[in-house]
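Hello,

Here is the structure I said I would pass on. My notes follow it.

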Amino acid sequence: MKVFSSQFNKIIVEAYHNLLLMEETKRKYSSASFSFRDRNAVDFLLRNPEETRISDLADYLRISRPSTTTLVKKLERNGLIERVAKPGDSKRTLLKCTGKGKRFASYQRRYRERLTKRVNEEFTEEEKEIMYKGFCRLNEFFIESINESEEKHK
C-alpha cells in the first residue's frame, strides 16, 4: 500500500506539472494565448446558450466577477464571444458564443476526444471503469478541498 501511495502521489504531481507545462508551451507558440480557463469559459457558453450572464460564468469558473469581466473582454477581443442585451431588458447583458467561438469550442472538443481515445486505447472495459471511478474520487477530493478552503475564508 505504501508503494502504491508513493507512486500515485508521484504520478499526480508529475501529471499536474506536465499539464501546466503543456499549457505554457501552447501559449508560448500560439498568437492567441488561450488558457484552460478561457477554453472552459467558451465551452460553458456553448453548452449553456440561454440567458448566461457574467455572474453565471463567474460561478461556473469559481472566480471573482472582476476576473470574469477581464476574461470576457479577452474573449470578445478575440471574437469568440459577444455581449448582447437581454430581450426586453436592455440593462441586463447576456453572453453568447460567436460563430468563431463555436468553431473554437468544436476544435477543443475534438482535441479532448482524441486525448480520451488515446488514453483508453489499451485498457480493457474493466480497467476503464476502475480508472473512471478513481478519477471521480480524485475530482471529489479536489472539490471538497476547494470547498473547505473557501469555508475557512468566509
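Overall shape

The protein chain has a radius of gyration of 19 Å, whereas a compact globule of 154 residues would have one near 15 Å. This radius is taken over C-alpha atoms, and the globule rule is 2.2 Å times the number of residues to the power 0.38. The C-alpha trace spans about 60 × 40 × 30 Å along its principal axes.

This is a predicted model: local features need pLDDT of at least 70, side-chain atom pairs count only at pLDDT 80 or more, and totals for chains, interfaces and linings use all residues. Residues are numbered from 1 along each chain as its sequence is written, and side-chain values use heavy atoms, with hydrogens and water left out.

The chain has six helices and two strands, in the order α-α-α-α-β-β-α-α from the N terminus. Helices (H or I, at least four residues) and strands (E, at least two) are DSSP runs, numbered from the N terminus.

Of the 154 residues, 21% are buried, meaning under 20% relative accessible area (1.4 Å probe, protein chains only).

Thr-52 lies in the loop between α2 (36–47) and α3 (54–61). Thr-52 counts as buried because its relative accessibility is 3%. Apart from neighbours within four places in sequence, Thr-52 is in contact with Phe-44, Leu-45, Thr-93, Leu-94 and Leu-95; contact means heavy atoms within 4.5 Å.

Contacts across the chain

Among contacts with a separation of 6 or more, 46% join residues 24 or more positions apart.

Regards

Terms used:
Buried < 20%, exposed > 50% of the residue type's maximum accessible area, 1.4 Å probe, protein only.
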